Amino acid sequence: MSPVSICMFLVVLLVYSLTNTSASSAVRTAANLVYLESPTDTPAEKLEGALLNALVFVILIAFVTFVLVLLYYYRCTSFLKHYTRFSAFFVLSFMGGPIFLTIIQHFNIPVDSVTCFILLFNFSILGVLSVFSNGVPILIRQSYMVALGIVVAAWFTRLPEWTTWVLLVALALYDLVAVLAPGGPLKILVELASRRQEELPALVYEARPTTNANISGSRGGSTLAGLLVAGMSQNDGSDHGVELQAVSASPRTNIGNYENEIASESGHMVINMDNDDEEEVEVVREDQEETSPLMAGNSRERSRSPMMYESTDNSSRRLNEVAVAEMMRPRRERDGDEMIEVMNGRGIKLGLGDFVFYSVLVGRAAMYDLMTVYACYLAIISGLGCTLILLAVCRHALPALPISIALGVIFYFLTRLLMEPFVVGTSSNLMMF
């Protein structure tokens, strides 16, 4: 939430600083190819033109996304990486350059053209290297991802008002279909990357480094899953306790020949896993005729300290039940959970488009009043929090735009139509300070 808040805050500052400049006028972009809004048009004409612009823009995005999916499906990964690098350089230099020049002119910063060009070129090259190199500190990478979102969002805020609102709603609906629908392009792309265990060649913000000491994978694609089992540790015959041991097993190679023993006072548990999907669980209780020397020794120790062993018996029995339930689950479910753990170990990732359109909504709200900015910011952050909760529950890729954009649009119009007149009226009549 911190990078999203920083991105929206800086976009609002840019909007407030550059609203009265010539660069803030509407421009012809891919988002308004069909209709360019005019102040003399009627609301019906503006709505019709905005719907046409949004439809064309969504179709264009869907077409480009399917082309990228085809390229990734046929393993044109090098081309996609170079294309993504060029896109980052184009955004930072050709789209960020005019914004940089506008800021220099607006604040009368004394700098010559040569120095400005060198600074912009170095900033762009460093951004491309930071985003796509492994040896760069993650804080610099995250900062450049936020900078990319700010530049693109600043350009989108120059769209006409009706086109902006209709476009945001259309993109939220498209994001919902593209990620969750069975044939959605983003869903296909994520499934391909997950199946190949590769990183998507895309501009994605990463919430934390992709390092995890407990979960690692080999070159062949097999991942290690930690199985939590319980056993009894005996130090000197009088001090006993429950020991938790993490046993690593490979779900693709060695999990078929895995055998584990769990020893406790209540019995001897053997869990055998064969190469087939069937699993065999054998439990030998203490009340049988033959008892091992270890179990006999434990029985003698039980009479010395009954209260302590009663507690350890319950703890060990509960942990054994958890271990047995985990081992008796279908193997496909276990493999799915292990993949979820590996994906969660890489950190939470948020697409650059989510940064952009969150900031576009807040930037458009900033053109009206600060009260709408506060309302839209709280709505977007609340929607992002709901999306993160759903991500923890569903445990698969989710669209980040629908909830936040829906709440942001609703809160904007409620604040503009209801709250703003009420607050202004009560304040002007000295009823609220």
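How far apart do the end C-alpha atoms of residues 400–419 lie, and how much of the span is helix? The distance is 27 Å, and the span is 95% helix and 0% strand. The structure discussed here is a predicted model.

**Overall composition**

The protein chain contains 13 helices and seven strands. It has 433 residues, of which 41% are buried. Contacts were also sorted by sequence separation: among those between residues at least 6 apart in sequence, 69% join residues at least 24 apart. The chain exposes about 24,500 Å², and carbon and sulfur atoms supply 64% of that area.

**Annotated spans**

An unreviewed UniProt entry places the feature "transmembrane region" at residues 50–74, 86–105, 111–132, 162–186, 372–393 and 400–419. Two of these spans can be described from the model. Residues 50–74 are 96% helix and 0% strand, with end C-alpha atoms 36 Å apart. Residues 400–419, which opened this report, have their end C-alpha atoms 27 Å apart.

**A nonpolar surface patch**

Leu60, Phe63, Val64, Val67, Phe79 and Tyr83 form a nonpolar patch on the surface. Together these residues have about 530 Å² of accessible area. Helices α2 (43–73) and α3 (77–107) each supply at least two residues of the patch. The largest share, four residues, comes from α2. Phe63 is a patch member that lies in helix α2. Phe63 counts as exposed because its relative accessibility is 55%, and the cut-off for exposed is over 50%.

Leu167 lies in helix α6, which covers residues 161–180. Is Leu167 buried or exposed? Its relative accessibility is 3%, so Leu167 counts as buried; the cut-off for buried is under 20%. Leaving aside residues up to four places away in sequence, Leu167 touches Ala31, Ala54, Phe57, Phe156 and Leu159.

**Salt bridges and cysteines**

Side chains of opposite charge can pair when their charged atoms come close. The structure holds four salt bridges.

| Salt bridge | Closest N and O atoms |
|---|---|
| Glu198 and Arg75 | 3.9 Å |
| Arg416 and Glu161 | 2.9 Å |
| Glu191 and Lys187 | 3.5 Å |

Glu198 forms a salt bridge with Arg75. Glu198 is partly exposed, with a relative accessible area of 29%. Arg75 is exposed, with a relative accessible area of 54%.

Arg416 forms a salt bridge with Glu161. This pair also links distant parts of the chain: Arg416 is in helix α13 (residues 401–428) and Glu161 is in helix α6, 255 residues apart. Arg416 has a relative accessible area of 25% and is therefore partly exposed. Glu161 is partly exposed as well, with a relative accessible area of 27%.

How many residues apart are Glu191 and Lys187, and in which helix do they lie? Both are in helix α7, four residues apart, about one turn of the helix. Glu191 is partly exposed at a relative accessible area of 36%. Lys187 counts as partly exposed at 26% relative accessibility.

The structure holds zero disulfides. Cys76 is partly exposed, with a relative accessible area of 27%. Cys394 counts as partly exposed at 37% relative accessibility.

Notes
Residues numbered from 1 in each chain as written. Predicted model: local features only at pLDDT ≥ 70, side-chain atom pairs only at ≥ 80, totals over all residues. Heavy atoms only, no water. Buried < 20%, exposed > 50% of the residue type's maximum accessible area, 1.4 Å probe, protein only. Contact = heavy atoms within 4.5 Å. Areas by Shrake-Rupley, 256 points an atom, 1.4 Å probe, with all protein chains shown as cover. UniProt positions renumbered as here; feature names shortened; annotations may be inferred. Patch = residues over 30% accessible without salt bridge, like charges linked within 9 Å, V, L, I, M, F, W, Y side chains within 5 Å. Salt bridge = Lys/Arg side-chain N within 4 Å of Asp/Glu carboxyl O. Disulfide = S-S within 2.5 Å.
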